[in-house]
Amino acid sequence: MYTILRKQVLNREVTRMDILAPLVAAKAKAGQFIILRLDEFGERIPLTVAGTDTASGAVTIIYQKVGKTTFVLDELSEGDTLLDFVGPLGTPTHIVGVERAAVVGGGLGCAIAWPVAKALHAQGTEVDMIAGFRSKELVILESELAQASTRLHVCTDDGSYADRGFVTDKLKSLLDAGQRFDKVYAIGPLIMMKFVSRLTKEFGIPTLVSMNPIMVDGTGMCGCCRVTVGGKVKFACVDGPDFDGHEVDYDEAIRRSVAYKPFETQKLHACKLTGGVL
C-alpha cells in the first residue's frame, strides 16, 4: 500500500499529491511516469512523475479531475493509501549536451514540463520556460517553474494574467528577437504541441514532445498507446513518452485521443444529492 503524505489543491481542476513510494523515488528521472490503481476494482491510470524526494521516499504526482478515477482519487486525504503505484516507466527525457533550451508547457502540461525544466536547469542549461494557461485562475506552479528556469514567461489565452496569447506567440517572439535554442521541449495538449513543432521546424530547431495517449499496461503489451512517428508505429509507454515533434502524426493522435470520450462521459456521473462520483 502507498500512503498519501501530502495533498494540495492547485486550482479547481488540478491537485498535487506526494505518495510514499521509496523504490520509485530512488530511480525515477524527468520524463518518466507511474501507473496507479486505487483498489482491486480500479482502472490503471498513468501519471507523470512531477518530482521525487529520495530522503523521504516521496513521489509527487499532479492530476486533473477529468475521469472517474481522478475524481475518486481526489476524494482521498492525507494518510489514505493507494493499492498500486508502479514505476518508473517510460524512457527518461534526453537532456545531455543541451546548453540552451526552451521548455514549453500548456495547462496541465506544465506539471510534466516542470521536472524537465528542473533537470535541465540542474545540469547548467540556460532554460526559457514558457507556461501557458487559459486564464489567471488556472495558473499552477508559478514559483516552482521560476526556480526551475533561467527565465519564466507566463501566458494566458484571455490576457487575465501576464502576457496575453498562446505559448506559440511567446516562442515566436523570442525566436524573432534573435534568441536561439539547442532544443525545444513541448508538453501539453496535442494541438499545442503540433503548432509548436510546426514553428520550430521553420527555424530548424530539434523538438521533443511528450505524448500521453490512451494507456493500459505500460509495458507495450496492450498496444493502446501506439503513435505514428516518422511513418512508423511506436508505443508511448516503452518507446516514449518523448518523440521527435517534427515526425509525430498529430492528426491521427488527436483522433485516437477522443475515441472514448462518450464512454468516459457515461462513466462519470455526479450524484445530485451528495455530489459524489458514481
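## A residue in strand β4

At 18% relative accessibility, Thr48 counts as buried, where buried means under 20% relative accessible area, exposed over 50%, and partly exposed in between, using a 1.4 Å probe and protein chains only. Thr48 has its place in strand β4, and strands (E, at least two residues), like helices (H or I, at least four), are DSSP runs numbered from the N terminus. Leaving aside residues up to four places away in sequence, Thr48 touches Gln32, Phe33, Thr60, Ile61 and Ile112, a contact being heavy atoms within 4.5 Å.

## About the model

This is a predicted model, in which local features need pLDDT of at least 70 and side-chain atom pairs count only at pLDDT 80 or more, while totals for chains, interfaces and linings use all residues. Residues are numbered from 1 along each chain as its sequence is written, and side-chain values use heavy atoms, with hydrogens and water left out.

## The second largest pocket

Rolling a probe the size of a water molecule over the atoms shows where empty space is left. On a 1 Å grid over the protein atoms alone, a pocket is an open set of points with protein on both sides within 12 Å along at least five of seven lines, a cavity is a set where a 1.4 Å probe fits but cannot get out, and lining residues have an atom within 4 Å of a point. Grid points are joined across faces, edges and corners, and a volume is the space filled by probe spheres set on the points.

The second largest pocket holds about 160 Å³ of space, and its lining consists of Ala28, Lys29, Ala30, Val49, Ala50, Gly51, Thr52, Pro115, Lys118 and Ala119. By class the lining divides into 6 nonpolar, 2 polar and 2 charged residues; Ala, Val, Leu, Ile, Met, Phe, Trp, Tyr, Cys and Pro count as nonpolar, Asp, Glu, Lys and Arg as charged, and the others, Gly among them, as polar.

## The cavity

The structure holds 1 cavity of 30 Å³ or more, and the volume of the largest cavity is about 50 Å³. Among the residues that line the largest cavity are Gly31, Thr93, Ile112, Tyr185, Ser210 and Asp242, and at least two lining residues come from each of α3, β12 (183–187) and β13 (207–210). This lining has 7 nonpolar, 3 polar and 1 charged residues.

A disulfide is a covalent bond between the sulfur atoms of two cysteines. The structure holds 0 disulfides, a disulfide being counted when a pair of cysteine sulfur atoms lies within 2.5 Å. The sulfur of Cys110 is 9.4 Å from the closest cysteine sulfur, in Cys155, and this is too far for a bond. Cys110 is buried at 0% relative accessibility, and Cys155 is also buried, with a relative accessible area of 1%.

## The buried side of α5

In helix α5 (residues 167–176), the residues Val167, Thr168, Lys170, Leu171, Leu174 and Leu175 are buried. They lie on the same side of α5, because they cover an arc of only 160° around the axis, the arc being that of the directions from the helix axis to the C-beta atoms. The buried residues of α5 are covered by elements including β8 (100–106), β9 (126–133), β10 (151–156), β11 (163–164) and α6 (190–203). After α5 comes Gly178, whose phi is positive, near 100°.
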